[in-house]
Structures are given as structure tokens and as C-alpha cells.
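Hello,

Here is the structure I promised to hand over. Please open it first, then read the notes below.

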Amino acid sequence: MNRKELIDALATETGSTKADADRNIAALIDIITATLKKGDNVALVGFGTFEVRKRAARTGRNPATGAEIKIKAAKVPAFKAGATLKTAVNSGKK
């Protein structure tokens, strides 16, 4: 599902216009992004948690030449699925 399909589905599910659904999705993305930039988590009980994880600096290899390269430490966004979402995806099987 891409963004356009998500907007269509949200508009249908809520009975709102596609423009309203688009604004709501954009606002949700902006809020999650701003919260993660501050270093906080966004926890939606049953659905999952958006969080920032720290990735340590490491040494990698250039696949074309085989030369070693240094990869800087970074903060990366991550999503951890909640139990309800996992159960729904697995059709109730654990």
C-alpha cells in the first residue's frame, strides 16, 4: 500500500474527504518525525513503538574494491511491533 492508497482507505473508513485524510496522515507523520528528532518514543499500545536507536561506528568494506571504510555512528529510526499487531499479522497464531 502506498500513500495514495492509504489516503483513499482512510477517507473510506472514516467517511471523510481525501483532502482531510491527506492532511491527517501528513500531520501524523510530522508529529512522529518531530518526536523522534527530540529523542523521544511514540508508543501506540497494541500497535507498536517508534523509537530512535543508536548505531555504533564500525568498519565496513567497499563491495567493488574490497577496501575498508569507516562508517560513522548514527541514530536510526526503528519500529517495534506490539503484541496485538503481531497476533493480527500471524492470524492469531503465536
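**What was found**

Lys54 has Lys75 in strand 5 as its bridge partner. Strands here are DSSP runs (E, at least two residues), numbered from the N terminus. This is a predicted model, where local features need pLDDT of at least 70 and side-chain atom pairs count only at pLDDT 80 or more, while totals for chains, interfaces and linings use all residues. Residues are numbered from 1 along each chain as its sequence is written, and side-chain values use heavy atoms, with hydrogens and water left out.

**The sheet**

Strand 2 and strand 5 run antiparallel and are joined by eight bridges. Two strands pair if DSSP finds at least two bridges between them. An open sheet of three strands has the order 1-2-5, and its pairing is antiparallel. Strand 1 and strand 5 are at the edges with a single partner strand each, so one side of each has no neighbour in the sheet. On average, neighbouring strands are turned by 30 degrees against each other, direction ignored. For such angles, axes are lines fitted to C-alpha atoms, and angles run from 0 to 180 degrees between N-to-C directions.

**The hairpin**

Strand 3 (residues 58-61) and strand 4 (residues 68-71) also run antiparallel, joined by four bridges. Arg58 has Ile71 in strand 4 as its bridge partner. Six residues sit between the strands of this hairpin, and Gly66 takes a positive phi near 80 degrees.

**The aromatic rings**

How many aromatic pairs does the structure hold? It holds two. Rings of Phe, Tyr and Trp (its six-membered ring) pair if their centres lie within 6.5 Å; planes under 30 degrees apart are stacked, over 60 edge-to-face, and the rest tilted. Phe47 and Phe79 have ring centres 5.4 Å apart and planes at 55 degrees, so this pair is tilted. Phe47 is in the loop between strand 1 and strand 2 (48-55), Phe79 is in strand 5 (residues 74-81), and they are 32 residues apart. Phe50 and Phe79 form a tilted pair, with 4.9 Å centre to centre and 50 degrees between the planes. Phe50 lies in strand 2 and Phe79 in strand 5, so the pair ties together parts 29 residues apart in sequence. Ring pairs link Phe47, Phe50 and Phe79 into a cluster.

Are Phe47 and Phe79 buried, exposed or partly exposed? Phe47 is partly exposed at 39% relative accessibility, and Phe79 is partly exposed at 35%. Buried means under 20% relative accessible area, exposed over 50%, and partly exposed in between (1.4 Å probe, protein chains only).

Best wishes
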